[in-house]
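Look at it first, then read on.

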Amino acid sequence: MSDAKRPGGSSASISSQMIGGAAISFASMIAVRVLGIANLAVLGRLLTPADFGTVALAMIVIGLMDGLLNNQFEIALLRRRASHRDEFNTAFTIANLVCGGAVLVILALAWPMAHFLQQPALFPVLAVLCVVPLLTGLRNPYFSEHKMALNLVPAAAANSLSRLAMTVVSVSWALASPSYWAIVAGTVSMSLCYVLLTYAWRPKRPRWGLKHGREYLGFGGWLTLAAALSFLQRRLPVLMIGRIGGAHPAGLFNVGAELSTTLTLQLITPLADAILPALSSVQDDSARMKRGYLAVQQILLGMLLPMGVGIALIAPEAVRMVLGVQWLEAVPIVQCLAPITALMALTVGVQSVVFIDGNTKGLCLRNLVVLTFVVVTALAGINLYGTMGAVAAAGAGMLLNLFLTLLLAQKAGMGHPAEVLSASRRSFLSVAAMAASVWAAGRLLGGPPDAAAPLTEVAASALAKIATGGVAYAGTHLALWCMEGRPQGFETVVTGLAVRISGRIRRRR
């Protein structure tokens, strides 16, 4: 990988760089999600819901500790446009100090958590998985220089290759010895691969030092707490289900939620790699930054909203094809959560603005409010309606999160929430037309195939719905865009990329 260079005044416009960066991130996301779906499809047939549930319960602790480190100090480096060795050394040192504490906390919680949840297997699993936050703290902070230069190829490649390592290791282990240890081994290998690549592709070596400790703890501290609260908001329903119902329903909820976010929420994080550094480079021009923010929101929602609603519409076929008939209980979970997670695309641009504005304390307060709401509603929901009660609580929590996040953006000068939603009105109307057409197609096909139907019939049903929905979404979007006089927006970006790609193909011929 070539050395990173900061963008200068003669470089391409910020919007072009952001779109180019987003394209690279999106290509990486597709590769990562294809590997993720392949991994889930194989493991779903080799392992049981209880195996997934055991690891999901362990990952509540591991993910919380890892979230205290993962990307928090890199975001601080990006926001400050760090250039001096002392700043990178400070970020590296603080990350490793927090990491050491995280490992001790995990080891201290391993046995009490296994006893509380009545899952003895959690103790050895947690003891092994504590390596994950340790590896996160060892990442090379200089690797963020690539993102500062809006060069997202190294990060995209590292994400894809580390996911490939996880898939190869977990599938190989499951084929040799089907158990939850396959998931554990894959998780550790992914973290190890990413750390090694950050040093291979950015040879600079960090050292110990705390010269800028106060500044980084001031920003990164609130950001770390916000990340921890956000993680608890997503994961506590799994813990509650596991405590009340055991590993089997916890596994169903966890895998159903993961499948719900496969083409939506899990695709958002890499896009943030393009959005944050691009907006950060124009933070001194508020009008330009607002235009970029609104453009980002249109693009994100235009891409991800049809994916989330589409996953919900073909949930019976998707679960059957990816996981198998033993996972059909997860279908209503996917149908409830997938559309809501698509709307969460709107939070990415907002969070980039809030990071730049420095209002990480506001993120903490937002996450604390949402966490309290989710805990109260999940407890009531599980006691009244079981697993689906937890699903309803999780969905309601995401909607509350979205509303409060848009209010934070308004406070930062990015416009009223209604302005953001109105900018994506064509996407909302188009996805409604898509849903109506897929529903009609399903009625013509006689409903989703039953559990005994061959996979060819299931795949044919899914492809018919996808084709119908895709044509309806694209056609409605194009028609509405033309009716409004072809304004700048999501359609402009898509048609521009199509023209550019077709031009390159013609030139090669």
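The questions and answers below concern a predicted model.

Q: How many aromatic pairs does a search of the whole structure find?
A: The model is predicted, and the search covers the whole structure. Rings of Phe, Tyr and Trp pair if their centres lie within 6.5 Å. The count of aromatic pairs is six.

Q: Is the aromatic pair of phenylalanine 52 and tryptophan 327 stacked or edge-to-face?
A: The ring centres are 5.4 Å apart. The planes stand at 90 degrees to each other. Planes over 60 degrees apart count as edge-to-face, so the pair of phenylalanine 52 and tryptophan 327 is edge-to-face.

Q: How many residues apart in sequence are the parts that phenylalanine 52 and tryptophan 327 tie together?
A: Phenylalanine 52 sits in helix α2, residues 49–67. Tryptophan 327 sits in the loop between α14 and α15. Both residues are buried. The pair therefore ties together parts whose separation in sequence is 275 residues.

Q: Is the aromatic pair of phenylalanine 88 and tyrosine 142 stacked or edge-to-face?
A: The centres of these two rings lie 4.5 Å apart. The angle between the planes is 20 degrees. Planes under 30 degrees apart count as stacked, so phenylalanine 88 and tyrosine 142 are stacked.

Q: Is phenylalanine 88 buried or exposed?
A: Phenylalanine 88 lies in helix α4, and its partner tyrosine 142 in the loop between α6 and α7. Tyrosine 142 is buried, with a relative accessible area of 2%. Buried means under 20%. Phenylalanine 88 has 1% relative accessibility, so it counts as buried.

Q: Which residue forms a salt bridge with glutamate 317?
A: Side chains of opposite charge can pair when their charged atoms come close. For glutamate 317, the closest N and O atoms of the salt bridge are 3.0 Å apart. Glutamate 317 is in helix α14 and its partner in helix α21, 148 residues apart. That partner is lysine 465.

Q: Is lysine 465 buried or exposed?
A: Its salt-bridge partner, glutamate 317, has 0% relative accessibility and counts as buried. The limit for buried is under 20%. Lysine 465 has 7%, so it counts as buried.

Q: What are the closest N and O atoms of glutamate 484 and arginine 425 apart, in Å?
A: Glutamate 484 lies in the loop between α21 and α22, and arginine 425 in helix α20. Glutamate 484 is partly exposed at 34% relative accessibility. Arginine 425 is partly exposed too, at 37%. In their salt bridge, the closest N and O atoms are apart by 2.9 Å.

Q: Which residues do salt bridges that share partners join into one network?
A: Arginine 426 forms a salt bridge with glutamate 491, with the closest N and O atoms 2.6 Å apart. Arginine 426 is in helix α20 and glutamate 491 in helix α22. Both are buried. The network joins Arg425, Arg426, Glu484 and Glu491.

Q: What span should helix α13 have at 1.5 Å a residue?
A: Helix α13 runs over residues 286–313, which makes 28 residues. The expected span is 1.5 Å times one less than the number of residues.

Q: At which residue does α13 bend by about 30 degrees?
A: Of the 28 residues of α13, 20 are buried. A proline, proline 306, follows the bend within four residues. The bend is at leucine 304.

Q: Is glutamine 118 buried or exposed?
A: Glutamine 118 lies in the loop between α4 and α5. Its phi is positive, about 55 degrees, although it is not a glycine. Exposed means over 50%. Glutamine 118 has 61% relative accessibility, so it counts as exposed.

Conventions:
Residues numbered from 1 in each chain as written. Predicted model: local features only at pLDDT ≥ 70, side-chain atom pairs only at ≥ 80, totals over all residues. Heavy atoms only, no water. Helix = DSSP H or I, 4+ residues; strand = E, 2+ residues; numbered from the N terminus. Buried < 20%, exposed > 50% of the residue type's maximum accessible area, 1.4 Å probe, protein only. Salt bridge = Lys/Arg side-chain N within 4 Å of Asp/Glu carboxyl O. Bend = angle between axes of the 7 residues up to and from the residue.
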